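Please read the following report beside the sequence and the coordinates.

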Amino acid sequence: MLIVEDDPDVCMMLQEYFEINDYEVATAQDGDEALARMLDPDQDFDIVLLDVMLPRKNGFDVLRESQEQGFSAPVLMLTARGEQESVLRGFGLGAEDYVTKPFSAEELAARVKAILYRTQPADRAPMEIYTIGEVEINFSTHEAFRGEEPVSFTSLEFDILEYLIQNEGHTVTRKQLLRDVWGISQDIITRTIDRHMASIRKKIEPDPANPRYIETVYGIGYRFRGNGA
């Protein structure tokens, strides 16, 4: 883990907390140092906690430049309270999540754990059967039924739906879908993703115009709400 925070007291507190909880922690206190560490081939971080307001180079520039040069570990942004524009900008640049200040170490740790769970799927048990409302989906056989009636999903729709379910309750950005489901890093036309979501909703939602299970998070992506949670 890399913690990028220019306040030395906050940085030390977070470092001590995560080390006590068995994380290996490196730190940086300005944008230039953070970028150098992220791009150092001898360092391999599972996650980066990146403050937005940093000396020398702000967190947005660090995130953008690191990704342009191939850095792929998930990044959690630390932002000031009420900076909605910063949140949207961070997601647009590829951040996995954000936490607003002030925050507790426990809250931050929970977000970190959730991100690592989402971004390291190889450690999960494979999903088999899942029921959404009246639709039962078998991800092993790529079959779905509403009662006795088969429901037809494309292979890609099965993959999208499984990914959303695995991230239930969490916002999934369009960039995450492109990277983790499509397997590509560059942007494609947003309408392509939206068309697939519209197709999935027609098959699982009682009222696709007012979705109950797959919520649109405007400007960011989607959130799977499970059985009407």
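Burial is judged here by relative accessible area, where buried means under 20%, exposed means over 50% and partly exposed lies in between, with a 1.4 Å probe and protein chains only. The model is a predicted one, in which local features need pLDDT of at least 70 and side-chain atom pairs count only at pLDDT 80 or more, while totals for chains, interfaces and linings use all residues. Residues are numbered from 1 along each chain as its sequence is written, and side-chain values use heavy atoms, with hydrogens and water left out.

**Charged side chains**

Helices (H or I, at least four residues) and strands (E, at least two) are DSSP runs, numbered from the N terminus. Asp97 belongs to strand β5, which covers residues 97–101, and because its relative accessibility is 13%, Asp97 counts as buried. Its side chain makes a polar contact of 3.3 Å with the side chain of Arg111; a polar contact is a pair of N or O atoms within 3.5 Å, where within protein one must be able to donate a hydrogen and the other to accept it, and residues adjacent in sequence count only if both atoms are side-chain atoms.

Side chains of opposite charge can pair when their charged atoms come close. A salt bridge is taken as a side-chain nitrogen of Lys or Arg within 4 Å of a carboxyl oxygen of Asp or Glu, and by this rule the count is 15 salt bridges. Three of these pairs are set out below.

| Salt bridge | N to O distance |
|---|---|
| Arg56 and Asp30 | 3.7 Å |
| Glu68 and Arg64 | 3.5 Å |
| Glu107 and Arg111 | 3.9 Å |

The salt bridge between Arg56 and Asp30 links distant parts of the chain, 26 residues apart, with Arg56 in the loop between β3 (48–51) and α3 (59–68) and Asp30 in the loop between β2 (26–28) and α2 (31–39). Asp30 counts as buried because its relative accessibility is 12%, whereas Arg56, at 69%, counts as exposed.

Glu68 and Arg64 both lie in helix α3, four residues apart, or about one turn of the helix. Glu68 is exposed at 58% relative accessibility, and Arg64 is partly exposed at 32%. Glu107 and Arg111 are likewise four residues apart, about one turn, in helix α5 (residues 105–119); Glu107 is partly exposed at 32%, as is Arg111 at 28%. Salt bridges that share partners also join Asp32, Lys57, Asp61, Arg64, Glu65 and Glu68 into one network.

**Strand pairing**

Two strands pair if DSSP finds at least two bridges between them. Strand β10 (residues 171–173) runs antiparallel to strand β12 (residues 221–224), joined by three bridges, and Thr173 has Gly221 of β12 as its bridge partner. Strand β11 (residues 214–217) also pairs with β12 in the antiparallel sense, over four bridges, and here Ile214 is the bridge partner of Phe224. In the hairpin of β11 and β12, with three residues between the strands, Gly219 takes a positive phi near 85 degrees.

**Backbone exceptions**

Most residues other than glycine have a negative phi, and most peptide bonds are trans. The peptide bond from Lys101 to Pro102 is cis, with omega near -5 degrees, and Pro102 is found in the loop between β5 and α5. Arg56 has a positive phi near 75 degrees. His142, in the loop between β7 (135–138) and β8 (143–146), has a positive phi of about 55 degrees and is partly exposed, with a relative accessible area of 34%.
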